[in-house]
Amino acid sequence: MALSSVQATLFSGTSLFRRRNALRSVSYCLPFSSFANSVSTDNLSRKKWRQPVVSVLELGGVKVNREDVVRDDPTNNVPDTIFSKLGMQLHRRDQHPLGILKNAIYEYFDANYSNKFNKLDDLCPIVSVKENFDDVLVPEDHVSRSYNDTYYIDPQTVLRCHTSAHQAELLRRGYTHFLVTGDVYRRDSIDSTHYPVFHQMEGFRVFVPEEWEPSGMDATSFAAADLKKCLEGLACHLFGAVEMRWVDTYFPFTNPSFELEIYFQEKWLEVLGCGVTEQEILKRNGQPNNVAWAFGLGLERLAMVLFDIPDIRLFWSSDERFTSQFSKGQLGVKFKPFSKFPPCYKDMSFWINESFTENNLCEVVRSVAGDLVEEVRLIDNFTNKKGMTSHCYRIAYRSMERSLTDDEINELQWKVRELVQSKLNVVMR
């Protein structure tokens, strides 16, 4: 479970499903409708695409046909730029900052829990709406379910927006201690700390009555105390001897719920979200008499701090000046900027309509400029006497690897303007 764009309500990084061998025998990418669609429509959807996805998807080198993810369907909002990230699995590269951090967390759990925790990091990112939302008790009216926030393949199927999408299935399959790591997808703003694809890790532990009854504590208090002890140890493992504090919060799938913050580099840093799992989740998945805790963390968030990486786009760089700075097992090596190329700013003003959202604007900009766009920021807005509202956005273009030419930037900006006008139905000023 993990915190990201919907920080107040969803954990930042959480659960996943299964190992490669299990994936070949059973698909965790099956559509399951939580919408009011007819049975015939649901059956048609399954016939159209379920089997092709299973046949081409091989995790540990994910291969998914484009037509299984990007479709000419009114409910599909997955662009090619997102499809191109499927299967890259940065978290499975031992010499990449995300892989180094993941392995450091593994080391902590192996050392302190005698290899009790199953480690799952190659699970399918295509999940059902039921798995992504219903199974973890996300309310039907929650903002994260909207097409503005989540990438929908069809009305029943999404690209997971948190790794908790696999939690229920793992419980049903008998897992009681697991760490799940994977790439997750959310439509989001554009700046140095936000990217539509990022990586999360979830930890989950189940307790049986024989474990808490001798303590004299009630089940919830026992699980909460064990959770805090575990995560305080993890924070020390990653950051050294630091001051910590617990903050009460809310998540749909845990009660009580907490965030752990550490005092690092002279400021309080949110490290992760966690809590005692809602009993309803355990009851639904064959664990009615037990209690559990769960936590979720965003790997990019922590890696940017531990490695001094200033821009989230760098994680996707193949430039040797970036990749050569990191080695397997070397946690916290400080990134040395190899060059700071100048940004170029372009402003764009238009009259918005009722359906306009900033996430939709960012998707359009990314579809043209990709990782050459550094930031999209609202710098001015006003409403005239006729009730029409105008927004002015400043787009910062900057490559992490080279200087952009004026001609290149101007061409990008004109393409952005044309697509913003045609796709978002706004009136340019």
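Buried means under 20% relative accessible area, exposed means over 50%, and partly exposed is the range in between. The close-up views below show a predicted model.

**View 1. Asp-308, a residue with positive phi in a loop.** Asp-308 counts as partly exposed because its relative accessibility is 36%. This residue sits in the loop between α10 (299–306) and α11 (320–323). Its phi is positive, about 55°, although Asp-308 is not a glycine.

**View 2. Glu-266, in the loop between two strands.** The loop that holds Glu-266 runs between β8 and β9 (267–277). Glu-266 is not a glycine, yet its phi is positive, at about 65°. With a relative accessible area of 71%, Glu-266 is exposed.

View 3. Strand β8 covers residues 254–264 and includes Pro-256. The peptide bond that joins Asn-255 and Pro-256 is cis, with omega about 5°. Glu-259 also belongs to strand β8. The relative accessibility of Glu-259 is 11%, so this residue counts as buried. Between the C-alpha atoms of Glu-259 and Gly-273 the separation is 4.5 Å, although the two residues are 14 residues apart along the chain.

**View 4. Helix α8 from end to end.** Helix α8 spans residues 219–239, 21 residues in total. From its first C-alpha to its last, α8 reaches 30 Å, close to the 30 Å expected at 1.5 Å a residue. At the start of the helix, a side-chain oxygen of Asp-218 comes to within 3.1 Å of the backbone nitrogen of Thr-220. After α8 comes Gly-240, which has a positive phi near 85°.

**View 5. The buried residues of α8.** An α-helix has 3.6 residues a turn, so residues three or four places apart point the same way. The buried residues of α8 include Ala-219, Phe-222, Ala-223, Asp-226, Leu-227 and Cys-230. Further along the helix, Leu-231, Leu-234, Ala-235, Leu-238 and Phe-239 are also among them.

View 6. Rolling a probe the size of a water molecule over the atoms shows where empty space is left. The count of cavities of 30 Å³ or more comes to two. The largest cavity has a volume of about 50 Å³. Its lining includes Ile-190, Asp-191, His-194 and Tyr-195, together with Arg-313. Arg-366, Gly-370, Asp-371, Val-373 and Glu-374 also line the largest cavity. By class, this lining has three nonpolar, two polar and five charged residues. The largest cavity lies between domain 1 (61–324) and domain 2 (344–428), because both give residues to its lining.

**View 7. The second largest pocket, also lined by both domains.** The second largest pocket has a volume of about 420 Å³. Its lining has 15 residues, and Asn-77, Pro-79, Arg-187, Glu-363 and Lys-423 are those that lie nearest the centre of the pocket. Two helices, α12 (358–369) and α13 (406–424), each supply at least two residues of the lining. The largest share, four residues, comes from α12. Five residues of the lining are nonpolar, four are polar and six are charged. Domain 1 (61–324) and domain 2 (344–428) both give residues to the lining of the second largest pocket, so this pocket lies between them.

Key
Residues are numbered from 1 along each chain as its sequence is written. This is a predicted model: local features need pLDDT of at least 70, side-chain atom pairs count only at pLDDT 80 or more; totals for chains, interfaces and linings use all residues. Side-chain values use heavy atoms; hydrogens and water are left out. On a 1 Å grid over the protein atoms alone, a cavity is a set of points where a 1.4 Å probe fits but cannot get out, and a pocket is an open set with protein on both sides within 12 Å along at least five of seven lines; lining residues have an atom within 4 Å of a point. Grid points are joined across faces, edges and corners, and a volume is the space filled by probe spheres set on the points. Ala, Val, Leu, Ile, Met, Phe, Trp, Tyr, Cys and Pro count as nonpolar, Asp, Glu, Lys and Arg as charged, and the others, Gly among them, as polar. Domain bounds come from an automatic or database domain assignment. The expected span of a helix is 1.5 Å times one less than its number of residues. Buried means under 20% relative accessible area, exposed over 50%, partly exposed in between (1.4 Å probe, protein chains only). A polar contact is a pair of N or O atoms within 3.5 Å; within protein, one must be able to donate a hydrogen and the other to accept it, and residues adjacent in sequence count only if both atoms are side-chain atoms.
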